[in-house]
Every structure is written in structure tokens, then in C-alpha cells.
Amino acid sequence: MAIRTDIFDLGGLRLSSGEGRRLDLAVVINAFELAGERYGVEPSPIETRLDISRTTGDGYALRVRFTASVVGPCMRCLADARPEFEVDAREVSQPGAGEELESPYVDGGQLDLRGWTRDALALVLPAQILCRPDCVGLCPVCGVNLAEAGPEHAHEREPDPRWAKLSELRLDP
Ligand SMILES: [Zn+2]
Ligand SMILES: [Zn+2]
């Protein structure tokens with residue numbers, strides 16, 4: 001079992017320029033609040049693989065990879081959803097080399113692994129969390145789960161009174 005880590009001390013590795021290290025670290029990712037519902041992140045903690053390369057000066061090139069499930073109600077049918085996501089994120093921290101090379105997750109040789117992994121997961125989440133990619137959702141008329149009701153589920157179409165009125169209109173030839 002990997003060691004649970006929130007903040008990782010990059011400087012403590014004492015890598016020299018060009019050296020690298022691969023570590024497996026466990027991290028807890030806080031639940032997300034999406035569309036007013038709570039979506040937990042599992043497993044907790046999550047095993048992550050962290051690749052660290054020391055660049056020049058106090059710089060680091062970082063890569064983190066992990067697989068996480070987001071658990072909560074399907075946004076179409078409200079059944080339990082737990083889609084799984086692969087995350088592969090990179091960061092470069094090169095202090096003094098300009099804003100683009102400053103990572104918001106590295107400060108004084110300390111890596112905010114917990115903050116980074118949560119943001120990296122948030123970036124790969126789709127607009128809708130679904131129980132399955134082809135979830136057909138609920139019937140807009142009666143609210144039944146369409147996946148359970150089957151493809152023959154249908155309602156008699158009541159003609160819209162506005163259209164009925166229009167069809168009474170006759171244009172003179
Ligand atoms: Zn669904
Ligand atoms: Zn219906």
C-alpha cells in the first residue's frame with residue numbers, strides 16, 4: 001500500500017539536474033459538488049503514479065497518472081452512476097523562467113499532490129455524469145426510467161390545442 005500523501009516534498013528527494021524518480025503515492029480526493037449533487041471519488045485513497053524529473057535550477061517536470069471513479073446519481077435517470085476516468089496530467093515548475101512555467105501546485109519544492117490530482121480529475125469529467133454512456137434517461141411525459149420501461153414505452157399523443165386551432169384556419173384560394 002502506497003503512503004498517503006497530501007503534500008509531497010520534492011526537495012527531500014535531493015535529485016540533481018536530469019535525475020528522475022517514479023513513486024506510487026496514495027491520495028484522497030474530496031467529493032465534487034456537481035449540479036447540486038454530491039459525487040464522491042473512489043477508491044479512497046487512490047493509488048497514483050508520480051513521475052518526477054529534476055530539470056535545471058530548482059525546476060521539476062512532473063507527471064501523475066491514476067484511475068478514479070466518480071460516484072453519485074446519474075444526471076439523466078437518477079440511478080447510481082460510477083463512471084471511471086483515466087487521468088494523465090503533467091506540470092512543469094521552473095521558478096524564475098516566467099509565469100507559464102510556474103506550477104500553481106509547486107511552492108518552495110513542495111508539491112500539492114492533493115490539490116493537483118483533484119483539479120486534474122475535474123478537467124476530464126464530462127458535462128454530465130451518467131450511469132452508462134447511452135443512458136436514455138426518464139420519459140419526459142411520465143418520468144419512468146426508459147431503460148427499464150423498454151423501447152415500446154410510448155404515450156398517446158394528445159394533439160396540442162394550439163395546433164388544432166391553427167388547422168381550423170383556412171386560407172382563401
Ligand atoms: Zn442513467
Ligand atoms: Zn412515459
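Visitor: What are the angles among the four donor atoms of the zinc ion (ligand 2)?
Guide: They run from 106 to 114 degrees, and the site of the zinc ion (ligand 2) is tetrahedral. The model is a predicted one, in which local features need pLDDT of at least 70, side-chain atom pairs count only at pLDDT 80 or more, and totals for chains, interfaces and linings use all residues. Residues are numbered from 1 along each chain as written, chains are lettered from A and ligands numbered from 1 in written order, and side-chain values use heavy atoms, without hydrogens or water.

Visitor: Which residues are the protein donors of that zinc ion (ligand 2)?
Guide: Cys139 and Cys142 each give their SG atom, while His153 and His155 each give NE2. These atoms lie 2.0 to 2.3 Å from the zinc ion (ligand 2). A donor is an N, O or S atom within 2.8 Å of the metal (3.2 Å for Na, K and Ca).

Visitor: And how are the donors of the zinc ion (ligand 2) spaced along the chain?
Guide: The spacing is C-x2-C-x10-H-x1-H. Cys139 and His155 are 16 residues apart, and this pair links distant parts of the chain. Cys139 belongs to the loop between α1 and α2 (146-149), and His155 to the loop between α2 and α3 (161-168). Helices (H or I, at least four residues) and strands (E, at least two) are DSSP runs, numbered from the N terminus.

Visitor: Is Cys139 buried or exposed?
Guide: Cys139 counts as buried because its relative accessibility is 7%. Buried means under 20% relative accessible area, exposed over 50%, and partly exposed in between (1.4 Å probe, protein chains only). His155, at 38%, is partly exposed.

Visitor: Why does Cys131 count as partly exposed?
Guide: Its relative accessibility is 31%, so Cys131 falls in the partly exposed class. Cys135, by contrast, has a relative accessible area of 7% and is therefore buried.

Visitor: On to the backbone. What kind of peptide bond joins Glu42 and Pro43?
Guide: That bond is cis, with omega at about -5 degrees. Pro43 sits in the loop between β5 (37-42) and β6 (46-54). The bond from Ser44 to Pro45 is also cis, and its omega is near 0 degrees. Pro45 is placed in the loop between β5 and β6. Most peptide bonds are trans, and most residues other than glycine have a negative phi.

Visitor: What is the phi of Arg14, then?
Guide: Phi of Arg14 is positive, near 50 degrees, and the residue is not glycine. Arg14 is located in the loop between β2 (7-9) and β3 (20-27). With 71% relative accessibility, Arg14 is exposed.

Visitor: And where does Ala35 lie?
Guide: Ala35 is in the loop between β4 (32-34) and β5. Its phi is likewise positive, near 50 degrees. Ala35 has a relative accessible area of 72%, so this residue is exposed.

Technical notes: Tetrahedral: all angles 85-135°; square planar, octahedral: opposite > 155°, others 65-115°.
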